[in-house]
Amino acid sequence: MTGHDLVFVAVGLLTAGGAVFTVTSKNLMHAALFFAVTLGGIAGVFLTLAADFLALVQIVVYVGAVAVLFMFGLMLTRAPIGREALDGQNRGLAMAVAGGLFVVLSTLVIGAFGDLPTAEVTGPRIDDLGIAIFADWVLPFEVLSMLLLAALIGAIVLARRESGESGEELTVTRIEMAQDRDPEALEREQAALTSGSGGTGEEHA
Amino acid sequence: MMLLVTSGVAPYLAQAESILDVGDTFIVPLLLKLAFVLGIFFVGPLVAGYLEHKAMGRMQHRRGPVEAGPFGTLQLVADGIKFIQKEDLIPSAADKWVFAMAPGVALVPAMLALLVIPFGPGVFALDLELGLFYVLAASSVSVLGVLMGGWSSANKFSLFGGLRAGGQLIAYELPLILAAIAVAVQAGTLSLVGIVEAQAEFMLFGTGINLWYVIPQLLGFGIFFVAALAELSRPPFDMPIGDSELVFGYMTEYSGIKYAMYMLTEYAGMVTMSALMVVLYLGGWQLLPGVPLPGCEAAGGLFDCGVTGTLLGVGVMLGKILLLVFVMVWLRVAYPRLREDQLQRIAWLVMVPLALLNLALVTIAKVVY
């Protein structure tokens, strides 16, 4: 086992560990943070495979943008600041689907590439990569950009629907504080809210 | 090692030699480089902070710090000792682990970004082929630390501060990267040392007059400077910690050493961003356009300088960095804070289109000439 293998195993364990905690943690924000760790770990895997450019793209796009947008969205919408458990009830089904996919994918990959000889990994130079993308593969590149642009415009159109079109509107926005962990107080409050007596849930703040 | 890539692309030094690569062992250069990066990371912000104290004081008809050390130079060291001694408060409702880790998540990328920045002829830890992209990637991770701090404090003001910081950093990262791409296009390389060299070789079209990129890319420099200010949440872009609205934004609940880590991140970011601007637009460690440093005329005035040439180069670089830091301080004193909606409007309706225009112009000029 070379040093390279050791680093690969360490980064792989980090990635896998982050992934496991992403799906097992009960706090949505913790899941998002572990997801960021997983994405960073994948960048590390790319690095050990001498794909420096891909690793940096992974960090800029996934850690710096996708994970940040996840957290941003969580904070903007439900805002469970502090500690709060939030758990989907589909644990068994999710495990079955994920386990099945894992078995299928690993069987396929090992079946397809398992008996290939191993070789020293060397990454391409960045200028070769640029020339490949913008000379040889420029058409697929542009088609892909059009696809992404269409998705972007579609998302904006969906988000900008006139009010009333997008279904029922929420009447009460409440920011849940961590002090609300007392379940009885929470129930009392929710009863008060549903009976329409107002209140913003800030009594404890 | 000179490499001609394709015709029309500037030749550049690939993987220039660092003067810290001494001896044949692996461990000595490694330790030297670590010491170099850590030294800059901890001393640079102190100097920048002292400059801010003094310059702000003078601009406001005060004297700034005078008691600690000669001319108050040790004020920030005294502040640091104070921060270490303070009680480490964690709100009872806070998510303790995330709360404790957040300043570190913000701090480490700021430290990592310094790895590739050249501070003089051969004075750098690493010359990555992807140096510019690496710096931008590292600085894009810092926002995670800010969001973590804002969320985990379990405080509405912190939450709002975190949200504002997230929105601001995402919005201004785009023009920042687009402006940097234009420089990379003109230089034909992503290596920061390579960009400095390309600037030394850039001549005004058809003449022998050497120009720094700030002249052909004045628009790009302006965009980069404003976006860098916003990325660092420096006034007039300090809405995330807007003290008149949000107490202290995402840092409200932080005290002691963790607060100091956030502040260190900000000032280290000022040094890093200024250094990046000097490298991208202001000719790096060149004294004047077209003037080689003494002792290294043979290598284009940029590399293999003697002791005096190297020291002069480092001095020139640090002088330019401090000049840009001074301008940032000046802007802080001169302008009031923007409103949150104005900030987003400027980013998406002004900065991004201008940055795209700049990139298009530079690309066309590059292809035509």
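The model is predicted: local features need pLDDT of at least 70, side-chain atom pairs count only at pLDDT 80 or more, and totals for chains, interfaces and linings use all residues. Residues are numbered from 1 along each chain as its sequence is written, while chains are lettered from A and ligands numbered from 1 in the order in which they are written.

Helices are DSSP runs (H or I, at least four residues), numbered from the N terminus. Helix α4 of chain A (residues 91-113) has 23 residues and reaches 32 Å from its first C-alpha to its last, close to the expected 33 Å; the expected span is 1.5 Å times one less than the number of residues. A residue is buried if 20 or more other C-beta atoms, placed from the backbone, lie within 10 Å of its own. The number of buried residues in α4(A) is zero, so this helix lies largely in the open.

A nonpolar core is a set of buried Ala, Val, Leu, Ile, Met, Phe, Trp, Tyr and Cys residues joined through C-beta atoms within 7 Å. The largest has 135 residues, and B:Ala180 and B:Phe224 are among those with the most contacts inside it. Its largest share, 17 residues, comes from helix α5 of chain B (residues 156-187).

Two residues are in contact if their C-beta atoms, placed from the backbone, lie within 7 Å.

| Residue | Contacts |
|---|---|
| B:Val37 | B:Leu114, B:Leu115, B:Ala125 |
| B:Ala180 | B:Leu132, B:Leu136, B:Phe224, B:Leu280 |
| B:Val271 | B:Gly44, B:Pro45, B:Ala48, B:Ile321, B:Val325 |

B:Val37, in helix α1 of chain B, is buried, with 21 other C-beta atoms within 10 Å. B:Val271, in helix α9 of chain B, counts as buried with 26 such neighbours inside 10 Å.

Terms used: Helices (H or I, at least four residues) and strands (E, at least two) are DSSP runs, numbered from the N terminus. A residue is buried if 20 or more other C-beta atoms lie within 10 Å of its own, exposed if 12 or fewer, and partly exposed in between; C-beta atoms are placed from the backbone. Lists of a residue's contacts leave out its neighbours within four places in sequence.
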